[in-house]
Amino acid sequence: MNHKPIVAIVGRPNVGKSTLFNRFCRKRSAIVDFEEGITRDRKYETVEWNSHSFLVVDTGGIIPDSDMTIDKAVVIQAQIAIEQADLIIFLCDVKTGITKYDQQIAKTLSPYREKILLVVNKVDNEKDELDLYEFMKLGLGDPVGIAAVSGRNVGNFLDEVVALIPDSKDFVEEDTGINEFIKVAIVGKPNVGKSSLINKLIGENTVIVSDIPGTTRDSVDLELLYEDKKLVLIDTAGLRKKNRVKYGVEYFSSMRTIESINQADIIVLVLDSSAEFSDQDQKIASYAQRNFKNIIILLNKWDLIHDKDNRTFIDFTKRIKHEFQFLDYAPILTISALTGQRVVKLPEMILQVWKESNTRISTGELNRFFEKIIIKNPPTHKTGKHIKIYYVTQQKTNPPTFIFFTNEPKLIPVHYKRFLRNKIREEFKFTGATIKLIFKGRTDDIPVIEY
């Protein structure tokens, strides 16, 4: 199983961390502002450079607050970055020179020089380059001078980054004789019973279980053999609400959870049936769905629901369909990780979703089906331009990916794309699988649209 190396950008406020992050990603993913401390939320993106892939994380600037001094904030953020990231970019500002905060960060990072890359931003010209020598006083080696806004020297800087991080191709799974394994990420907000669930599945206490939210600090991979498949279970740290994520343990745990979702084939979203569903539950599910991950919904703590009758599950299902409308295709299973109630049904459901996700529909069958659908409900656009869909083919499985060849990929409206996907589900099911649609022109000069 390949893992992307993690590169964390740390530093005091207003040195250009978000600007550098955007330069890495070649898009404006993070808010950039001249007000100090504008970054309050985690930002993470996959970066591709010279056939290398890594996850870059834009951290918030280290800001003292009412219950955390700057010294504690520096130590917590830097220490957790040391533990979790493969490479730490320590970003400074050539215009302001070395500040006391830079010195505090450097002092914390100094024992781990092999993981630190000292980078000085806003080096706009040769005159600014002369000021780079001052930063050697931080004791973290020769600084790399860049200008994140203009992109000056960023290419050479990225070459240095990929030279310092492990290659994801080096992480090769040991050959166990089993040809097929399924990576399953167990996700959900803290304290919903993820670790207890895995312990029941594995049959022993392989994961620390505690009533204190956030006990799991990193993602742990465990193997479970079921029938002829190997399930790789990833127990992830719970994702907290945004305003509760501190720049420390929880921050980097959230980052690892996102990476676990990226690596997984199937996402098991664990919800607490004894509590209200939260916005954070929806955001976890939405991230997984946007990244075309197969999804199963688990209603845990079912034993705490009293006076259950024949309508209880129906009512919960309606509630889930209402609050997670974009997951109407995900199967729902009620369990109790504490008592083990129906936990044994989860591996069977995982295999069923895996089978659905790997289903392939022949091109002939697809086109016979869609010919009737499109004749009856052809795509239209407000410009009045004629939109024609020539034919459909399934490009791949896991996720099931369908290419619609058309004369105007950009003009097909979102509601019509949703209509086509719903028709695929009505006819071919794909329960638990996230379907991907691609709209492509007949020539390479026409943009390809994904949905």
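Helix α11 covers residues 363-376; its 14 residues reach 20 Å from the first C-alpha to the last, close to the 20 Å expected at 1.5 Å a residue. The expected span is 1.5 Å times one less than the number of residues. Helices (H or I, at least four residues) and strands (E, at least two) are DSSP runs, numbered from the N terminus. The model is predicted: local features need pLDDT of at least 70, side-chain atom pairs count only at pLDDT 80 or more, and totals for chains, interfaces and linings use all residues. Residues are numbered from 1 along each chain as its sequence is written, and side-chain values use heavy atoms, with hydrogens and water left out.

A kink of about 25° in α11 is centred on Phe370; the bend at a residue is the angle between axes fitted to the seven residues ending there and the seven starting there. Phe370 is also one of the buried residues of α11, together with Leu366, Phe369, Ile373 and Ile374. Buried means under 20% relative accessible area, exposed over 50%, and partly exposed in between (1.4 Å probe, protein chains only).

**The chain as a whole**

The protein chain has 12 helices and 16 strands. Of its 451 residues, 53% are buried. Among contacts with a separation of 6 or more, 70% are between residues 24 or more positions apart; a contact means heavy atoms within 4.5 Å. The accessible surface comes to about 21,900 Å², and carbon and sulfur atoms account for 49% of that. Accessible areas come from the Shrake-Rupley method with a 1.4 Å probe; for residues, only the protein chains shown count as cover.

**Salt bridges**

The whole structure contains 12 salt bridges. A salt bridge is a side-chain nitrogen of Lys or Arg within 4 Å of a carboxyl oxygen of Asp or Glu. Three of them are listed here.

| Pair | N to O distance |
|---|---|
| Asp128 and Lys95 | 2.8 Å |
| Lys189 and Asp281 | 3.9 Å |
| Arg319 and Glu323 | 3.7 Å |

Asp128 is buried at 7% relative accessible area, whereas Lys95 is partly exposed at 47%.

Lys189 sits in the loop between β7 (181-187) and α6 (194-202), and Asp281 in helix α8 (residues 279-290), so the pair links parts 92 residues apart in sequence. Lys189 is buried, with a relative accessible area of 19%, and Asp281 is buried, with 1%.

Arg319 and Glu323 are both in helix α9 (residues 312-323), four residues apart, about one turn of the helix. Arg319 is partly exposed at 23% relative accessible area, and Glu323 is partly exposed at 23%. Elsewhere, salt bridges that share partners join Lys95, Asp124 and Asp128 into one network.

**A nonpolar patch**

Helix α4 (residues 126-130) also holds Leu130, which is exposed at 60% relative accessibility. Leu130, Tyr133 and Met136 form a nonpolar surface patch with about 360 Å² of accessible area together. Patches are made of residues with over 30% relative accessible area and no salt bridge; like charges are joined within 9 Å, and nonpolar side chains (Val, Leu, Ile, Met, Phe, Trp, Tyr) within 5 Å.
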